[in-house]
Amino acid sequence: MDPGRHTAAAIVTEEFLDFSASRGNDLRQVGLKQDCKWCLCVSRWVEALTAHKEGRIGANAVPKLVLNSSDESMVRDSGLSLQELEQWAIDSRHSN
């Protein structure tokens, strides 16, 4: 059982799947592949963003968020502003 809070709806990439596997969570084992939409643990998504900002992984390893499918607590739990999250999103909280 995964105890994480899966509040970040995102579209995963091969690069993210590699990153997640390197951190001990091989999401391919549950059938995920490039372009799958999945609710990620917000902490793993932030970890990928931080690794990108530090130059350890490329931007493509940070999954694009689907904000309108994400739980509202994701903004609070990420520690980031909505505006920063929207930079990594395919939509906006203000979309209908």
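Helices (H or I, at least four residues) and strands (E, at least two) are DSSP runs, numbered from the N terminus. The model described here is predicted, so that local features need pLDDT of at least 70 and side-chain atom pairs count only at pLDDT 80 or more, while totals for chains, interfaces and linings use all residues. Residues are numbered from 1 along each chain as its sequence is written, and side-chain values use heavy atoms, with hydrogens and water left out.

**The sheet**

Three strands form an open sheet in the order S2-S1-S3, and their pairing is antiparallel; two strands are said to pair if DSSP finds at least two bridges between them. Strand S2 (37–41) and strand S3 (64–65) are the edge strands, each pairing on one side only. The two pairings are set out below.

| Strands | Sense | Bridges |
|---|---|---|
| S1 and S2 | antiparallel | five |
| S1 and S3 | antiparallel | two |

Strand S1 covers residues 6–11, and within these pairings Ala8 stands opposite Leu40 in S2, whereas Ile11 stands opposite Lys64 in S3. Helix H2 (residues 42–53) packs on the sheet and touches S1, S2 and S3, its direction making about 90° with that of S2; here contact means heavy atoms within 4.5 Å, and axes are lines fitted to C-alpha atoms, for helices over the stretch in contact, with angles running from 0 to 180 degrees between N-to-C directions.

**The two helices in contact**

Helix H1 (residues 14–22) packs with H2 at an angle of about 105°, and their axes are 11 Å apart. That angle makes H1 roughly perpendicular to H2, a description that applies to angles of 65 to 115 degrees, while those under 35 count as roughly parallel, those over 145 as roughly antiparallel and the rest as oblique. On the H1 side the contact is made by Phe16, Phe19 and Ser20, and on the H2 side by Arg44, Glu47, Ala48 and Ala51. Sorted by class, this contact has four nonpolar, one polar and two charged residues.

**The nonpolar core**

A nonpolar core is a set of buried Ala, Val, Leu, Ile, Met, Phe, Trp, Tyr and Cys residues joined through side-chain atoms within 4.5 Å, where buried means under 20% relative accessible area, exposed over 50% and partly exposed in between, with a 1.4 Å probe and protein chains only. The largest such core has 26 residues, of which Phe16, Leu40, Trp45, Leu65, Leu67, Met74 and Leu85 touch the most other members. S1, H1, H2 and helix H4 (82–86) are the elements that give two or more residues to this core, and H2 gives the most, with five residues.

**Individual residues**

Ala8 lies in strand S1 and is buried, with a relative accessible area of 0%. Not counting residues up to four places away in sequence, Ala8 touches Trp38, Cys39, Leu40, Val42, Leu65, Ser70 and Met74. Thr7 is also found in strand S1 and is buried, with a relative accessible area of 6%; among its contacts beyond four places in sequence are Leu40, Val42, Ser70 and Met74. Asp35 is placed in the loop between H1 and S2, where it counts as exposed at 56% relative accessibility, and it has a positive phi of about 75° although it is not a glycine.

Technical notes. Nonpolar A, V, L, I, M, F, W, Y, C, P; charged D, E, K, R; others polar.
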